[in-house]
Each structure stands twice: as structure tokens, then as C-alpha cells.
Amino acid sequence: WTARYGTGAPGVCRAVEGTAVLLLRTRDLFALPFPLARPVPTAIFVQAVLRGWGLRVVPVAFPASRRPPVSPHSHWKAENLAESRRRRLMRDLGIKREVLADGRERWYGCGKETARCFGTVHARTPQYLLAGRWTPPCCLRALRETARHVAGALEAAGVRYWLEGGSLLGAARLGDIIPWDYDVDLGIYQEDVGKCRWLAAAAAGEPVEDAEGFLWEKAAEGDFYRVHYSRSNRLHVDLWPFYPRGGVMTKDTWLGHPQDVEFPESFLQPRVPMAFAGFTAMAPNNAHAFLELKFGPGAIENPEYPNP
């Protein structure tokens with residue numbers, strides 16, 4: 001998912017720019033999926049680091065042939081051609097994010113104007129897990145942005161919310177989204193829905209796009225709400241409306257997930273701040289007990305990996 005370029009840190013690809021001499025066995029070269037894809041040096045270095053190869057650049061100088069001065073237009077054409085080749089290579093290799101030696105980042109994955117990187121989720125399993133990978137970095141970035149935006153909108157409107165399910169699990173373990181997750185879950189008090197203009201519009205059956213391009217709508221699967229990264233990109237935050245009944249928080253839609261259970265309202269009295277996905281979210285006051293009620297003993301300490 002991510003290609004890194006640097007100067008010798010463990011696990012970092014030591015790529016080169018410009019002219020270099022690379023000695024490589026023919027059988028190794030043609031064992032690569034894209035042996036001569038352009039730009040060739042970048043293609044070889046990225047594929048080599050993914051295979052764990054150690055590459056050595058031989059510092060041998062060859063005389064360069066004389067070339068006529070390049071016109072500004074030709075230079076512009078060459079730069080555009082190189083950029084298009086690089087983007088095509090990253091797409092073919094499945095690279096979504098490139099970290100350059102100076103710390104700058106280049107993104108090749110999904111954004112607000114594109115579809116997300118994976119299709120429909122079947123049996124709670126997105127396509128990237130079937131391919132032996134975890135959530136693409138661009139999708140995680142979009143989920144973090146959406147979660148931060150939704151939490152801010154709810155807080156500004158006075159809607160009581162808290163981290164739910166796997167999102168609370170990620171916050172307790174990592175302070176972030178679980179690296180193989182594909183959405184974010186927040187619980188809300190059902191009686192507060194009308195306080196937020198976007199939620200109220202969604203509750204009335206009208207999908208609405210807010211001023212920053214996030215799409216709020218009522219979910220087709222039941223009585224809950226979904227906030228998408230954009231109309232094009234359907235990475236989302238699910239909002240689950242709970243209400244108290246005899247001191248227990250319950251709701252009207254249950255999707256059959258093992259962790260989807262009722263819980264004492266005392267977990268929300270009070271709610272407490274918790275670091276999550278780059279911001280501070282609200283959470284139940286005893287995350288450990290809450291998660292063990294939802295997922296069972298050792299939920300935080302013993303991760304269950306989807307594809308170890």
C-alpha cells in the first residue's frame with residue numbers, strides 16, 4: 001500500500017533518482033510482475049523492496065552523449081510524460097501512498113472526487129482482506145477526516161455521542177482506527193437527533209450534503225444514519241441511535257453482530273474524552289469493561305486478526 005524512500009532506515013527502500021548502474025540477474029529481473037515498467041528505476045526498486053531484496057547501486061560513471069539544448073516546451077512534455085508513467089506504475093503496483101526522502105507524501109489512491117478503493121463489503125469482508133492486505137492508507141485517511149468532521153458537527157449541535165464497537169476497540173488499543181477496518185461506528189442518543197440539522201434532514205428521508213461535502217443520509221438497512229466522505233466516495237461513519245429503557249441503552253435496529261448488544265446507561269454517565277484517529281472523541285467511562293461486555297474477556301489485549 002505504501003512505498004517509502006529514504007537513506008538506510010530499516011525496512012526502507014533506498015531508491016535513487018537520476019542515472020545509475022544496476023546489476024541484476026536476468027532470472028530475477030523477469031521474475032518481477034512489471035520488470036521493465038517505466039520509469040524503470042522506480043519500478044525495480046519498489047518491487048525489490050516488496051520482495052525483501054537488497055539492492056546495491058554500482059557507482060560507475062559512463063560518458064553521456066551530447067544532446068542539443070532542450071526547449072521549454074520539450075521539457076514540459078517530458079515532465080508530463082514522466083509523471084503519467086509514474087502514476088500508471090503506482091496504480092499497477094497497487095501503491096496508494098508514496099513517502100519521499102524529504103518527508104513529503106504523494107497520494108495515488110482514492111479522494112473526495114473518486115470512488116473508494118474497494119467495492120461492496122460481503123459478509124463483513126472488504127475486497128482488500130481477500131487480497132491479503134489491510135485498509136488502504138488513503139481510505140484510512142478519509143475515514144479519519146470523516147470521523148473528525150462528524151464528531152465536531154455533533155459536539156457543536158449538542159448531540160451526545162460515543163465511540164462504539166470496533167472503533168472504540170481501535171481507540172483503546174491504538175488511539176486510532178483498527179488497521180483493517182472499513183468504517184467508523186458512533187453511538188448517539190436518539191432524542192438528540194433533531195439537534196443537528198444534517199441528522200434531522202437525514203431522519204426526514206432527505207440525503208443532504210453539508211458545507212464541506214460530507215453526505216448525511218438514513219441507512220437503507222435500518223434505523224440508523226450514515227455520513228459518507230462524499231457523494232462519490234462512500235467511506236463512512238455509522239451513527240447508531242440508542243435510547244434508555246429501565247437504565248439500559250437499547251435501539252431499534254440489530255444487524256446480528258455478536259458485539260451488537262444492550263448495555264447499562266451508567267457507561268455514559270459521564271462520557272469521557274479519548275484519543276482517536278488524530279482528534280479527541282467521547283467514549284464510555286470504562287472502555288475496558290464496555291468492550292469486554294461487547295466482545296468478551298481480553299478484547300483489548302488479544303486482537304483477532306482477519307488474515308494473520
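How many helices and strands does the chain have?

1. The chain has 8 helices and 15 strands, taken as DSSP runs (H or I of at least four residues for helices, E of at least two for strands) and numbered from the N terminus. This is a predicted model, in which local features need pLDDT of at least 70 and side-chain atom pairs count only at pLDDT 80 or more, while totals for chains, interfaces and linings use all residues. Residues are numbered from 1 along each chain as its sequence is written, and side-chain values use heavy atoms, without hydrogens and water.

2. Of the 308 residues in the chain, 43% are buried (under 20% relative accessible area, 1.4 Å probe, protein chains only). C138 is buried at 1% relative accessibility, and C196 is buried at 2%.

3. Among contacts (heavy atoms within 4.5 Å) with a separation of 6 or more, 57% join residues 24 or more positions apart.

4. The lining of the largest pocket divides into 18 nonpolar, 9 polar and 15 charged residues. Here Ala, Val, Leu, Ile, Met, Phe, Trp, Tyr, Cys and Pro count as nonpolar, Asp, Glu, Lys and Arg as charged, and the others, Gly among them, as polar.

5. The chain exposes about 16600 Å², with carbon and sulfur atoms supplying 53% of it (Shrake-Rupley method, 1.4 Å probe).

Conventions: Buried < 20%, exposed > 50% of the residue type's maximum accessible area, 1.4 Å probe, protein only.
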